[in-house]
Amino acid sequence: MNMKKVVAFKVLLVLALTIVTTSCKKSSSSKNSSRATGWDINSREGGFQYNTDFKEQETSPGLVFVEGGTFTKGRVQDDVMHDWNNTPNQQHVQSFYMDETEVTNAMYMEYLDWTKRVYPPTDENFRAIYHGALPDTLVWRNRLGFNEVMTENYLRHPGYGEYPVVGVSWIQAVEFANWRSDRVNEYNLEQAGYLKRDAKIVDVNAESTFSIDTYVNTPTSTYGGNEEVINPERGNKRFARTDADGNETNIYATRETGLITPKYRLPTETEWEYAALGLSEIRSYNLYRGRKKYPWDGQYTRNGSRKYRGDQLANFKQGKGDYGGIAGWSDDGADITNAVKSYEPNDFGLYDMAGNVAEWVADVYRPIVDDEFNDFNYYRGNVYTKNAISEDGTIQIVTVDNIVYDTLSNGKVIARNLPGEILQVPVDENETYLRANFDKSDQINFRDGDRQSSRRFDDFSEEEDSNGKKSETRKMYNSPNNVVSRDSEGKLVREYDKSNNRTSMINDEVRVYKGGSWKDREYWLDPAQRRYFPQDMATDYIGFRCAMSRVGSKSKSNQKKKS
């Protein structure tokens with residue numbers, strides 16, 4: 001073979017290898033080319049649209065990142081109260097986000113202002129919605145105490161704006177979290193060009209509200225179907241495309257865009273305790289195994305550093321008649337609650353995870369944590385629902401005319417759903433048939449208080465309340481069965497359970513609250529301590545903060561390595 005042929009052969013070989021290499025790169029590594037089919041993703045001609053540029057979940061307003069891991073939930077020291085309700089058990093928590101501080105009066109007032117504008121209490125149809133959201137300011141009153149200044153000023157006066165909101169029931173806290181989820185996602189979609197600018201202020205009313213669940217499932221139903229708001233004529237929508245006929249496609253944001261964040265919610269008890277312990281910097285075996293007593297390092301409540309030696313690290317009751325120390329030389333700087341961020345954060349960057357106010361968590365209270373059945377993201381309180389579907393196959397949206405109200409045990413009326421939201425119904429056998437992981441809609445009593453978990457299975461019977469709703473007469477948690485309702489004229493009807501056979505105050509309507517408060521002794525500052533309170537009642541020492549699940553990688557460091 002002469003030299004010319006050798007050179008030509010080498011040139012052809014290089015070209016062939018280049019073509020093969022380019023083809024392989026296009027089919028296997030191009031982020032806009034499907035690894036399954038080779039088809040184009042995010043093409044301007046339409047087709048499958050997917051956010052291939054997504055790096056990681058952005059931290060939503062007010063939150064800090066809490067990297068998940070394993071820890072010992074509960075105490076290992078002696079239980080001096082003899083509650084025996086926090087037996088140590090090993091748990092694993094997925095990464096999540098949590099509010100940096102408790103929800104403040106100013107934050108809650110923003111919620112009240114929005115509710116009052118959208119559902120004006122001057123309208124008889126909406127009066128109960130606004131009144132149902134109002135905190136109970138009368139929680140400050142005491143038969144033998146002068147506290148009217150807090151009753152009249154604590155919620156609304158700017159002097160208390162950065163103080164944690166109190167007088168909020170568990171139910172109200174959940175509603176605030178739902179409202180916050182809608183407002184944050186509404187803002188994100190507006191900034192991305194999918195909603196009209198400032199529509200959340202100008203165009204919203206009771207008949208045209210925004211719900212993120214509604215937008216995801218049936219976007220044309222948001223804002224009452226106002227096309228000018230939900231499909232503004234702007235050209236910066238991330239995934240909008242034009243088809244061959246010139247029509248705009250992908251004009252609504254979907255979960256595939258990565259723009260829609262998970263919902264704000266109350267943290268689970270396991271999440272709250274894990275976050276409060278702040279184990280991110282702990283490497284000591286004893287501390288990892290459950291020996292850490294407070295959100296800060298050490299076994300004492302006073303600061304041990306030279307500059308601040310002796311200062312209290314949290315706001316709590318020092319002793320009988322001592323809520324803050326001696327005037328001019330205060331132990332903790334407060335007599336009632338204190339402004340958020342008044343004390344140092346823990347290693348996760350969370351403030352006041354001990355003291356100031358105790359906090360609602362999501363869980364229904366039970367004395368025993370069933371870690372034998374589950375040790376991953378433990379939570380008791382699951383009630384599974386699904387979207388209600390009309391006979392014509394469309395999703396049912398709550399309107400002004402079909403708002404459902406509930407009368408709570410204290411006589412307060414709250415809205416179970418709001419206009420613009422998707423009507424929810426319990427899951428049925430279509431979802432539960434032959435499933436091993438759940439078998440009914442309400443899983444609160446699973447393995448603890450239901451028929452399957454009771455030794456006296458044959459003694460279970462059913463009771464029927466004034467509304468005809470049947471419920472099991474529980475032997476394990478045999479709490480009073482008081483019934484509060486309203487008659488046809490709207491008057492409150494109270495039926496008290498006067499039975500002498502009731503043995504417990506625990507039922508499915510009591511929720512866990514964690515952490516000590518300004519009103520509690522040092523004992524309750526331990527994150528492992530747990531107490532319960534009726535979900536529809538409020539106090540002057542229980543507040544709350546929100547959490548949000550994390551999607552994607554467990555840690556931010558993993559994302560940095562990949563990029």
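This is a predicted model: local features need pLDDT of at least 70, side-chain atom pairs count only at pLDDT 80 or more; totals for chains, interfaces and linings use all residues.
The chain contains 12 helices and 22 strands. Of its 563 residues, 45% are buried. Contacts between residues at least 6 apart in sequence were examined across the chain, and 66% of them join residues at least 24 apart.

The buried residues of H2 are Asn-105, Tyr-108, Tyr-111, Leu-112, Trp-114, Thr-115 and Val-118. An α-helix has 3.6 residues a turn, so residues three or four places apart point the same way. The buried residues of H2 pack against three further helices, namely H3 (127-133), H5 (170-191) and H6 (199-202).

Helix H9, formed by residues 269-277, is largely enclosed by the rest of the structure, because 9 of its 9 residues are buried. Just after H9, Gly-278 adopts a positive phi of about 55 degrees.

A search of the whole structure located 5 cavities of 30 Å³ or more. The largest cavity holds about 300 Å³ of space. It is lined by 24 residues, and those closest to its centre are Tyr-111, Ile-129, Glu-175, Leu-418 and Glu-421. Tyr-111 is also one of the buried residues of H2. At least two lining residues come from each of H2, H3, H5 and strand E13 (413-415). The greatest contribution to this lining is that of H5, which provides 7 residues.

Turning to the strands, an open sheet is built from 4 strands in the order E20-E19-E10-E21, with mixed pairing. Its edge strands are E20 (530-534) and E21 (542-543), each of which pairs on one side only. Within this sheet, strand E19 (residues 510-514) is paired with E20 in the antiparallel sense over 5 bridges. Lys-514 stands opposite Arg-530 of E20 in this arrangement. In a regular strand the side chains alternate between the two faces of the sheet.

A further antiparallel pairing joins strand E17 (residues 483-486) to strand E18 (residues 492-495) over 4 bridges. Arg-486 has Leu-492 in E18 as its bridge partner. The two strands form a hairpin with 5 residues between them, and in this hairpin Gly-490 takes a positive phi near 85 degrees.

The loop between E18 and E19 contains Lys-498. With a relative accessibility of 73%, Lys-498 counts as exposed. Lys-498 and Asn-481 lie 17 residues apart along the chain, and their C-alpha atoms are separated by 8.9 Å.

Definitions and conventions
Residues are numbered from 1 along each chain as its sequence is written. Side-chain values use heavy atoms; hydrogens and water are left out. Buried means under 20% relative accessible area, exposed over 50%, partly exposed in between (1.4 Å probe, protein chains only). Contact means heavy atoms within 4.5 Å. Two strands pair if DSSP finds at least two bridges between them. On a 1 Å grid over the protein atoms alone, a cavity is a set of points where a 1.4 Å probe fits but cannot get out, and a pocket is an open set with protein on both sides within 12 Å along at least five of seven lines; lining residues have an atom within 4 Å of a point. Grid points are joined across faces, edges and corners, and a volume is the space filled by probe spheres set on the points.
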